Amino acid sequence: MCGIGVIISGVRIDSAYPISDPTSPVSSVFSVDDLKAALRRRGPDSLGCKKIFLHPAVSGEECVELRCCGDQSNGELHFIGATLQLRGINPITQPLVDEFGNILVYNGEIFGGIHVGNDSNDAEILMQYLGKCCACGSHGHTTACNNSGLGKSSIPELLSIIKGPWAMIYWQDSSRTMWFGRDAFGRRSLLVHWPNSEDFRFLLSSVSPISIVEQSSADLEVDNGITNINFWDELQCGVYSLSIGSEKSNKSLLGEVKKHEWTNPMLRELVKWERAFVEPKPAELHSMIPSEQPDMHSICLERLERVPSGLGTTQTSVPAPAQTVLTALRESIMRRTTQSAIFLAVTCDLKQEELVPVAILFSGGLDSMILAALLDECLDPIYGIDLLNVSFDGQFAPDRISAKAGLKELQRISPLRRWKLVEVDADLLKLTQETQHVMSVINPAKTYMDLNIGIALWLAAGGEGWVYEEIVELGNEDYQRVKYKSEARILLVGSGADEQCAGYGRHKTKYRSGSWLGLNEEMKLDMQRIWKRNLGRDDRCIADNGKEARFPFLDEDVIRTLLDIPLWEVANLDQPSGTGDKKILREVARMLGINEAATLPKRAIQFGSRIARESNRKNFGSNRAANQASAGSVVINGISNLT
């Protein structure tokens with residue numbers, strides 16, 4: 001995970017506002033050092049900056065000169081990059097600058113589309129590919145490059161073929177164009193500040209900085225503290241260009257922002273999120289009855305063909321769709337956890353038997369148990385696996401109870417693995433400073449539900465808690481609870497499972513009122529807004545600890561696999577909770593031998609950890625009062641309300 005940002009001043013991007021002067025004092029909202037500090041938390045390995053200065057050319061309306069210093073320059077672009085390096089054998093510092101003057105700050109992983117060798121860093125490889133792109137994509141059109149047939153691709157074409165999460169800012173010197181964007185599902189955060197009367201600059205950043213005002217006073221309103229909560233927006237997924245030219249009449253710099261289309265047809269299909277088989281036919285409805293055998297000849301795509309589970313004679317046969325999903329998930333986790341793709345310099349001082357390169361945000365529920373069982377299959381057995389569990393009610397929170405049960409089940413199916421359940425215990429009443437900090441990190445998200453989820457994720461990702469260690473004395477075995485901090489820099493997270501497999505309560509509500517078509521539309525809506533409602537916020541909270549979130553359920557191939565399966569094979573919401581919701585994932589869990597987890601109902605982290613209950617009591621007086629006020633969607637009006 002990295003932190004990236006750019007500050008552009010002296011360029012008129014919206015004519016409704018005056019041009020900011022690069023020599024004028026920095027806006028009182030926050031300083032450049034504040035932004036660097038926030039980004040450095042995401043990228044603790046290195047921090048770098050690069051400035052370029054622009055000046056309108058003497059002749060030619062659209063010409064822009066590049067100056068090596070700020071003297072008498074009109075425009076300034078200040079790139080900032082903080083790196084958490086997880087790939088390659090040599091350390092890097094961002095921004096990357098090539099021999100042609102191109103500049104890249106990149107936050108992401110490349111798991112396909114572009115070849116990245118085992119000893120290579122994906123940011124460096126991407127920089128090489130970007131340097132070979134044509135310069136025509138920013139001028140006059142938003143689709144594919146005119147020179148594609150000449151062996152050059154456009155930047156949108158290149159970014160469209162990347163598999164994996166990413167956000168990036170790239171200065172293409174030859175065209176005087178800055179390219180920026182985030183992947184099609186928004187798995188990496190990128191915030192934008194469009195110039196307005198509060199701040200005339202154009203800014204991009206992975207995260208909102210904490211203002212000096214907020215640090216000095218916990219009693220100020222959010223509007224005067226963190227900055228106006230509306231200062232930042234989540235950048236909508238896509239590829240954008242900001243081409244910079246000059247206005248001949250007054251020698252000022254003009255910037256034009258364009259959004260470009262994805263050019264990869266397969267990616268465009270995924271973004272549309274359209275399923276071919278939504279409503280079952282009578283014969284297919286008949287096959288959904290648990291006590292009945294399916295009509296093998298009436299189901300297309302061989303989707304109910306039975307195949308061996310691969311777990312021995314004690315396992316019953318499983319549906320082919322579940323086998324397909326299991327294979328896709330296994331490959332997804334393998335791509336995200338291969339040791340050769342983890343930065344070797346980070347681990348050189350650790351003994352292999354002490355190394356825990358990958359951890360899981362762990363509730364013991366269906367999704368995290370599947371991730372744990374598959375990670376056990378993919379990760380070399382010499383490494384341990386940390387299971388990070390947060391509770392605001394000690395040993396009594398539902399997620400703590402299910403996590404302990406899940407640990408026992410994992411130890412049963414893989415007794416030789418070094419499993420560590422890291423119990424992160426928290427008391428919301430004692431988290432005043434932490435709450436204020438997380439409020440800044442989740443910005444522009446601003447509801448109590450956002451904050452509750454954010455605090456739970458932030459604490460869990462920090463990995464500081466308690467583990468039980470075995471004590472052997474005089475032949476007697478016992479356990480003691482000791483402090484422990486997980487050093488894993490890669491965290492697997494189950495985001496996307498509920499959206500794609502009908503795991504939310506609202507899915508059942510929509511199914512009851514709108515049947516299969518209504519359910520499909522609700523799931524489609526969830527997937528098309530996950531970037532704004534979930535992923536940006538979650539990425540910021542996890543990355544603030546210097547950790548990288550990876551989302552196996554949101555792998556492009558997993559999404560495609562689930563879309564190819566008929567909806568009634570993915571879920572059957574006529575059945576009870578814990579059975580029909582996420583039906584296909586429950587079948588996957590049984591194939592992995594985690595039968596107890598396969599029956600657990602959906603429980604969101606804010607409820608399973610019991611932070612929602614504690615927040616309701618603190619901020620509304622009681623759970624009942626909070627429910628009457630629809631507390632989850634209530635916007636937080638000020639920091640004083642959090643103390």
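**Close-up views of a predicted chain**

**View 1. Helix α1 (residues 32–42) has Val32, Asp34, Leu35, Ala38, Leu39 and Arg42 as its buried residues.** They span an arc of only 160° around the axis, which means that they share the same side of α1. The arc is taken from the directions that run from the helix axis to the C-beta atoms. An α-helix makes a turn every 3.6 residues, so positions three or four apart point the same way. Buried stands for under 20% relative accessible area, exposed for over 50%, and partly exposed for the range in between (1.4 Å probe, protein chains only). Helices (H or I, at least four residues) and strands (E, at least two) are DSSP runs, numbered from the N terminus. The model is predicted: local features need pLDDT of at least 70, side-chain atom pairs count only at pLDDT 80 or more, and totals for chains, interfaces and linings use all residues. Residues are numbered from 1 along each chain as its sequence is written, and side-chain values use heavy atoms, leaving out hydrogens and water.

**View 2. The whole chain, for orientation, holds 20 helices and 23 strands.** Of its 643 residues, 58% are buried. Its accessible surface comes to about 26300 Å². Carbon and sulfur atoms supply 50% of that surface. Areas come from the Shrake-Rupley method with a 1.4 Å probe; for residues, only the protein chains shown count as cover. Among contacts with a separation of 6 or more, 72% link residues 24 or more positions apart. A contact means heavy atoms within 4.5 Å.

**View 3. Strand β1 (residues 3–9) is mostly covered, with 7 of its 7 residues buried.** One side carries Gly3, Gly5, Ile7 and Ser9. The other carries Ile4, Val6 and Ile8. Both faces are covered. In a regular strand, side chains alternate between the two faces of the sheet. Strand β1 runs antiparallel to β5 (residues 75–83), and 7 bridges join them. Strands count as paired if DSSP finds at least two bridges between them.

**View 4. Strand β11 is covered on both faces.** Phe202 and Leu204 are buried on one side, Leu203 and Ser205 on the other. Strand β10 (residues 191–193) pairs with β11 in the antiparallel sense, over 3 bridges. Ser205 in β11 is the bridge partner of Leu191.

**View 5. Thr83 sits in strand β5.** Why is Thr83 counted as buried? Its relative accessibility is 1%. The Thr83 side chain makes a polar contact of 3.3 Å with that of Gln94. A polar contact is a pair of N or O atoms within 3.5 Å; within protein, one must be able to donate a hydrogen and the other to accept it, and residues adjacent in sequence count only if both atoms are side-chain atoms. Leaving aside residues up to four places away in sequence, Thr83 touches Met1, Cys2, Gly43, Pro44, Asp45, Ser46, Ile92 and Gln94.

**View 6. Arg540 belongs to helix α14 (residues 505–543).** With 0% relative accessibility, Arg540 counts as buried. Its side chain reaches the backbone oxygen of Ile442 at 3.0 Å. Beyond residues up to four places away in sequence, Arg540 touches several others, including Arg42, Leu191, Ser206, Glu234, Asn443 and Pro444.

**View 7. An open sheet of 7 strands has the order β2-β14-β13-β9-β8-β7-β6, with mixed pairing.** Its edge strands are β2 (11–12) and β6 (96–97), each pairing on one side only. Strands β2 and β14 run parallel, joined by 2 bridges. Val11 stands opposite Leu253 in β14. Lys248 lies in the loop between β13 (238–247) and β14 (252–260). Lys248 counts as exposed because its relative accessibility is 56%. The C-alpha atoms of Lys248 and Pro56 are 8.0 Å apart, although 192 residues separate them along the chain.

**View 8. Two cysteines, Cys2 and Cys501, are shown.** Cys2 is buried at 8% relative accessibility. Cys501 is buried too, with a relative accessible area of 1%. How many disulfides does a search of the whole structure find? The search finds 0. The criterion is a pair of cysteine sulfur atoms within 2.5 Å.
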